[in-house]
Amino acid sequence: MSYDTVVIGAGLAGLTAALRLTEQGQRVLVVARGVGATHLAPATVDVLGYLGENRIEDPASSVATLVASSGDHPYAHIAADQLATALNWFSARAGALGYVGGLERNLLLPTALGVPKPSALAPRTMSGGDLTAGGRFVFVGLKGFKDFHPTLIADNLAGARLPAPVAARALELELPPGRRVDMSGRVIAGQFDNERLSEWLIAALKDRVEPDERIGVPAVLGLRRADDTWRELETRLERTVFEVSTLPPSIPGIRLFDALASALRAGGTRMVLGVRAVGARTSDARIEAVDVANATGTVSHATDAVVLASGGFASGGLELDSFGATHETVFDLPLIGVPDTGRVRFAPAYFDAQPLSAAGVGIDDLLRPVDAKGHPVYANLHAAGAILGGAVPWKEKSGTGISVATGYAAAGAILAPATRAISEAMR
């Protein structure tokens, strides 16, 4: 079978590109080793949280400052209006999750460690935890649930650098008998979905929360009914209630993956997980087919275009071999941000600037991987997400923003020639 586009990777960048292409009527195939980082990270979209050591309040203007000093950064290839359009598009496609926010001002949300994290967009079940205006908070834990520690969150927020005073305390509850067997996030989320655990939580909190306190709960309010459960908690407790990200797995991240994957399948996209893109058939600087290895052999999928969204080192899109050489693992593309042979690759301290932290594929303004002279390696190959070089997402707090923006832009670059051809045919 042939496809209009093959997308390699099922993380946020790959799903974004695939969904935009599917909506425009393309026949799309998504191939990936697994589900990507959505299951590990909060479902927030972090466009830009830090410039150097400075926390960012206004991501729109700060992105312009960033790209002015870093021409290799992925945002340098995304127009400001396209970034805003991508975020609006994403919010609409994840409508059931009710994203709140925008480029005008970062939300400041507590993490599982009690660190204030700047995010441009967040699901509405999490947005009530915005620390910007200060106030009083109570963080509610569940005894035996090891992926959420309310005392740690409250204590760390007490010493955090915040724009307004925050008072935080911890409260730990014990689940009712019969519901304490497997205290994993997915199991607890299933109990909220299927067993009306919200009734117990409302009763347990009713007389233990002050009128002016906001209530932070672990982000396990369900996989299918989280929004309904959150609304019920807020209504009946008459307080602001918000989910706080837990240690992995991320239940909000799984919700996001499920929402995007469901939309893709409803649009006719084929998704194949548990396989590996291993190369391509090429001709005249174009990819004609992508080779995909599965349990029984290798299959070639003919295609007009390819989106490479295979991730960075953590996802296997980049690889550092035992000889110290760094490779892109599907097409062996040229890389930027890699130290020269013989130069130091790792700084001794974990939080030091790591020489390999900005390694990845360099791109042109159509998000096509380029060689050392800036020429596209393949005319119909586009790259998106963590495979791109020039950024340090963990330090900038920009990873999910880069994924949404570049996934959206890569799809747009593929659609643009087809749009022009249709327009010319209609003249």
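Author: I'll start with the sheet, move to the helices beside it, and finish with the hairpins.

A bit of bookkeeping before we dig in. This is a predicted model, where local features need pLDDT of at least 70 and side-chain atom pairs count only at pLDDT 80 or more, while totals for chains, interfaces and linings use all residues. Residues are numbered from 1 along each chain as its sequence is written, and side-chain values use heavy atoms, with hydrogens and water left out.

Now the sheet. Four strands pair in parallel in the order β10-β9-β11-β12, and the sheet is open. Strands here are DSSP runs of E with at least two residues, helices are runs of H or I with at least four, and both are numbered from the N terminus. Two strands count as paired if DSSP finds at least two bridges between them. The edges belong to β10 (166–173) and β12 (241–244), and since each has a single partner strand, one side of each is left without a neighbour in the sheet. From one strand to the next, the twist averages 30°.

Next comes α7. Seven of its nine residues are buried, buried being under 20% relative accessible area, exposed over 50% and partly exposed in between (1.4 Å probe, protein chains only). The buried ones are Leu 197, Ser 198, Trp 200, Leu 201, Ile 202, Ala 204 and Leu 205. Their cover includes the strands β9, β10 and β11 (213–218), along with the helices α6 and α8 (226–237).

The axes of α6 (residues 185–194) and α7 (residues 197–205) come within 6 Å and cross at roughly 95°. That makes the two helices roughly perpendicular, on a scale where under 35 degrees is roughly parallel, over 145 roughly antiparallel, 65 to 115 roughly perpendicular and the rest oblique. Ile 188, Gln 191 and Phe 192 from α6 meet Leu 197, Ser 198 and Leu 201 from α7, contact meaning heavy atoms within 4.5 Å. By class, that makes four nonpolar, two polar and no charged residues. (Nonpolar is Ala, Val, Leu, Ile, Met, Phe, Trp, Tyr, Cys and Pro; charged is Asp, Glu, Lys and Arg; the others, Gly among them, are polar.)

Beyond its neighbours within four places in sequence, its contacts include Leu 97, Thr 125, Gly 222, Ala 226 and Glu 243. A polar atom of the Arg 255 side chain lies 2.7 Å from the backbone oxygen of Gly 222. (A polar contact is a pair of N or O atoms within 3.5 Å; within protein, one must be able to donate a hydrogen and the other to accept it, and residues adjacent in sequence count only if both atoms are side-chain atoms.)

Finally, the hairpins. β14 and β15 run antiparallel over seven bridges, with Ala 280 opposite Val 290. Two residues separate these strands, and Asp 284 has a positive phi near 50° in this hairpin. At 72% relative accessibility, Asp 284 counts as exposed. The chain then goes from β15 through two residues into β16 in another hairpin. Here six bridges hold the antiparallel pair, and Ala 293 stands opposite Thr 298.

Arg 286 lies in β15 and is partly exposed at 39%. Past the residues up to four places away in sequence, Arg 286 touches Arg 281, Asp 304, Tyr 378, Ala 379 and Asn 380. One polar atom of its side chain lies 3.4 Å from the backbone oxygen of Asp 304.

Conventions:
Axes fitted to C-alpha atoms, helices over the stretch in contact; angles between N-to-C directions.
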